[in-house]
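Biologist: I'm new to this, so please pick one part of the chain and take me through it slowly.

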Amino acid sequence: MSPLLVIVCIIISIAILVFLTVKVKLHPFFALTASAIAFGLMMGHNINDIMTSYADGLGGTISGIGIVIAIGTVMGALLEKSGAAETMAKTMLKITGKKHAALGLAFTGYFVSIPVFCDSAYVLLSPLAKRMARDTKVSMTTMAVALAMGLHATHMLVPPTPGPLAVAGILNADLGMVILLGMLVSIPVVLVAHLAGKILGKKYYYMPEELAAEATPEENRKYPSPLAAFLPIILPIVLMLLRTVASLESAPFGDGAVYSILYSLGNTSVALLIGLIIAFISYMRVCPHDRNVWTFDGAFGDALKTAGQIVLIVGAGGAFATVLKMSDLQTIVQNAFSGASVGILVPFVIGAIFRTAIGSGTVGMITAASMLLPLVDVLGFNSPIGLVIAMLACASGGFMVFHGNDDFFWVITSTSNMKPEIAYRVFPLISILQAVTSLACVFILQLIFL
């Protein structure tokens with residue numbers, strides 16, 4: 001088949017995906033499945049070969065990432081329900097003080113969104129943002145932006161949040177390096193949003209009407225200590241990073257017992273399981289009478305229902321990538337971009353298109369990774385650090401454009417009592433700034449490492 005026809009088939013399959021997800025509102029798993037089958041049929045393959053390839057891609061992706069998503073989702077639910085998110089927020093605000101309360105909220109979001117879904121985290125922390133707005137007389141727009149876009153940063157860049165975790169799994173990128181570089185890139189991304197929020201907050205100043213009524217904390221509730229709140233997040237990250245360091249060619253820990261222990265404990269599933277156990281112990285100290293938490297109808301069961309959908313979407317993304325490999329796409333791109341340094345722009349643009357069209361950063365990233373996987377060698381990402389940079393480029397595109405087709409947009413406006421017209425003037429612009437900042441950071445990493 002000619003290169004032009006292959007490209008046309010890809011465009012049609014993407015159009016099918018966008019139509020099914022945006023217009024029909026079809027679940028992303030079935031939308032990705034239909035798009036993969038349509039592409040295979042247009043390429044002239046029979047349905048048996050297509051489904052065999054699809055099943056191989058689905059199974060291979062899920063086997064590598066499924067357990068990690070399940071454990072991470074349950075751990076996030078425990079941290080949410082135990083009050084650990086509130087403890088993190090109060091700890092960060094003690095460090096920054098009221099004068100820099102918005103910055104404290106931004107970095108609260110930075111930490112909280114690593115294990116907890118940003119929608120849930122914002123609902124939990126918005127009363128705190130309102131209290132800080134009242135106490136400091138700073139615009140609620142500034143506080144809402146600081147918290148929401150702080151959450152947005154690590155939600156897009158740092159595993160075990162499902163989106164970046166899924167992309168790392170599809171591309172087979174080293175998770176320890178993804179976490180380390182993702183956290184580094186997230187810092188300027190958070191700071192840009194914070195600075196923009198301060199400027200726009202002055203322009204669109206408001207205070208929520210019912211602020212005084214919502215400002216009363218729960219006096220009798222027991223919360224985890226700062227150590228108990230942060231440890232389930234920090235310890236797995238440290239263990240995964242130590243595994244990465246131990247595996248370096250220089251072998252800083254040798255090849256004996258220390259290496260074996262660090263390599264085993266730093267296994268992604270093992271490290272997250274340790275974090276889950278710590279989060280569970282903390283939860284039981286706060287809620288000792290909850291004997292349903294580990295049951296089908298408790299927090300474990302509810303979290304796994306969410307995790308199951310995420311795993312299937314991720315698997316379908318990997319399957320779509322596998323079906324794309326049945327074409328001559330790699331050769332076409334190699335001929336088209338030979339000699340051109342456009343590598344990170346390809347996943348960035350794909351992620352941006354799907355985030356803007358669909359409203360889901362996770363789906364945008366997964367789609368970008370699915371399209372990118374057959375092109376890893378061609379675009380120069382075929383080294384371990386190259387795969388990490390490719391993953392971060394997918395996530396960078398997934399930042400924009402954040403607007404009304406995303407549920408999180410309406411969570412922010414409703415819980416912050418922000419007028420939609422203000423939200424539309426603020427959040428799309430800041431999401432673009434975050435995307436560009438993230439891309440610039442990834443470009444610098446590319447210059448340093450590739």
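Modeller: Let's start with Asn417, which sits in the loop between α19 and α20 (420-449); helices here are DSSP runs (H or I, at least four residues), numbered from the N terminus. This is a predicted model, where local features need pLDDT of at least 70, side-chain atom pairs count only at pLDDT 80 or more, and totals for chains, interfaces and linings use all residues. Residues are numbered from 1 along each chain as its sequence is written, and side-chain values use heavy atoms, leaving out hydrogens and water.

Asn417 isn't a glycine, yet its phi is positive, near 55°. It is partly exposed, at 32% relative accessible area (buried is under 20%, exposed over 50%, partly exposed in between, with a 1.4 Å probe and protein chains only).

Now step back to Phe408. Skipping neighbours within four places in sequence, Phe408 is in contact (heavy atoms within 4.5 Å) with Cys118, Asp119, Tyr122, Ala148, Leu151 and Phe402.

Further back, Met400 and Val401 are joined by a cis peptide bond, with omega about 0°. Val401 belongs to the loop between α18 and α19 (407-416).

That brings us to α18 itself (residues 384-397), which packs with α17 (residues 361-372) at an angle of about 135°, the axes being 8 Å apart. On the α17 side, Met365, Ala368, Ala369 and Leu372 meet Ala390, Cys394 and Ala395 of α18. Sorted by type, this contact has 7 nonpolar residues, no polar and no charged.

Conventions
Axes are lines fitted to C-alpha atoms, for helices over the stretch in contact, and angles run from 0 to 180 degrees between N-to-C directions. Helices (H or I, at least four residues) and strands (E, at least two) are DSSP runs, numbered from the N terminus. Ala, Val, Leu, Ile, Met, Phe, Trp, Tyr, Cys and Pro count as nonpolar, Asp, Glu, Lys and Arg as charged, and the others, Gly among them, as polar.
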